[in-house]
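I opened my notebook for a friendly walk through one protein chain. Have a look at it with me.

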Amino acid sequence: MNFFDASERKILQDSKKIVVAFSGGADSTLSLLATIANTKDKSKITALHINHKKSKNSDLWEMHCKDFCDTRKINFISENVEINVKGQGFEAAARNERRKIFQHFPANTSIILGHHADDQVETILFRIFRGTALKGLSGMGRVQKHNHILLIRPLLNISKDQILNYLEKDKVSFVEDESNDDDGYSRNYIRKNIVPLIKSKWTGFEKNISRMTRLAREQNALYEAFIREELTKVSEDQNLSLSLLKKYDPFLRSELIRLWLADLSYAVPNESQMKEIQKSFFESRQDSNPVIKFNRDDDQSSGVIISKVNKFLIAEATNE
């Protein structure tokens, strides 16, 4: 059950704490077993079950997860969350609540997630339908830094069918969430209706999607390295020089501002918000003192206030 590569096993070894997001479903069950198999010090592992209270079976699933961990002498904790959709859809809202819980763990914590190759395909298609850029086409990374923690997806290169085969072979039990059959959820609709239609025409499209995400990730890394080099030329003490920024064309200037905010773990502006930044700070009177405040709809990054102080663009967190 060696789904972690050498560098990921080193991360596990060096991590102070390892938290496995454990819903009790097939994917998280295999990721928990794989983490146990690849971690010498089992006391570092904690299985985290997040109870969304969305099903009549929610408490039974939590009990299953606790019993599963007690049998294997793995630390188990459960968190109850109330999902506030706020116009972003249940899936996104639930993911945001999970991310908030992840942030409560200390630095040098690795969070193990059960995303697999089929999830990657659904993610890419969903992003394309919403209108993504190059970074979005890069898909989910196997290892990603999220503020002070690391997210690791050891199953990202295997399919759902392979996961089920592994569990069936070892006769491992898992729970089945009935909401996975509800195509009212966007990802379920893509999985149940769109993916089979694509497969009927292009049988090898999953491999092509995987190759595309790899190429997009490599190209985006080169692109970001170029932007980062330019960013150093206009940065001073985490602020940006307005006079130097004005020398760039609007598109490159926008990319510099986006990377600057992302590095500070602030919300990155969407297209309309960036237009407002361009208009307020680079097309208005020199003596004006605009202030722009915005958040990301998915709450994954801190809200930000952008203002002008002594000919510099500065960013501060909102109090919300």
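Here are my entries, from the whole chain down to one residue.

**Ground rules.** I am working with a predicted model, where local features need pLDDT of at least 70, side-chain atom pairs count only at pLDDT 80 or more, and totals for chains, interfaces and linings use all residues. I number residues from 1 along each chain as its sequence is written, and side-chain values use heavy atoms, with hydrogens and water left out.

**Domains.** I looked up the division of the chain and found domain 1 (6–211) and domain 2 (236–317), with bounds from an automatic or database domain assignment. Their C-alpha centres lie 33 Å apart.

**The sheet.** I traced 6 strands in an open, mixed sheet, ordered E3-E2-E1-E4-E6-E5. Strands (E, at least two residues) and helices (H or I, at least four) are DSSP runs, numbered from the N terminus; two strands pair if DSSP finds at least two bridges between them.

**One pair.** I followed E5 to E6 (residues 149–152): they pair in the antiparallel sense over 4 bridges. His146 has Ile149 in E6 as its bridge partner.

**One residue.** I then picked Thr123, which lies in helix H5 (residues 117–130). Is Thr123 buried or exposed? Thr123 is buried, with a relative accessible area of 3%; buried means under 20%, exposed over 50%, partly exposed in between (1.4 Å probe, protein chains only). Beyond its neighbours within four places in sequence, Thr123 is in contact (heavy atoms within 4.5 Å) with Met140 and Arg187.
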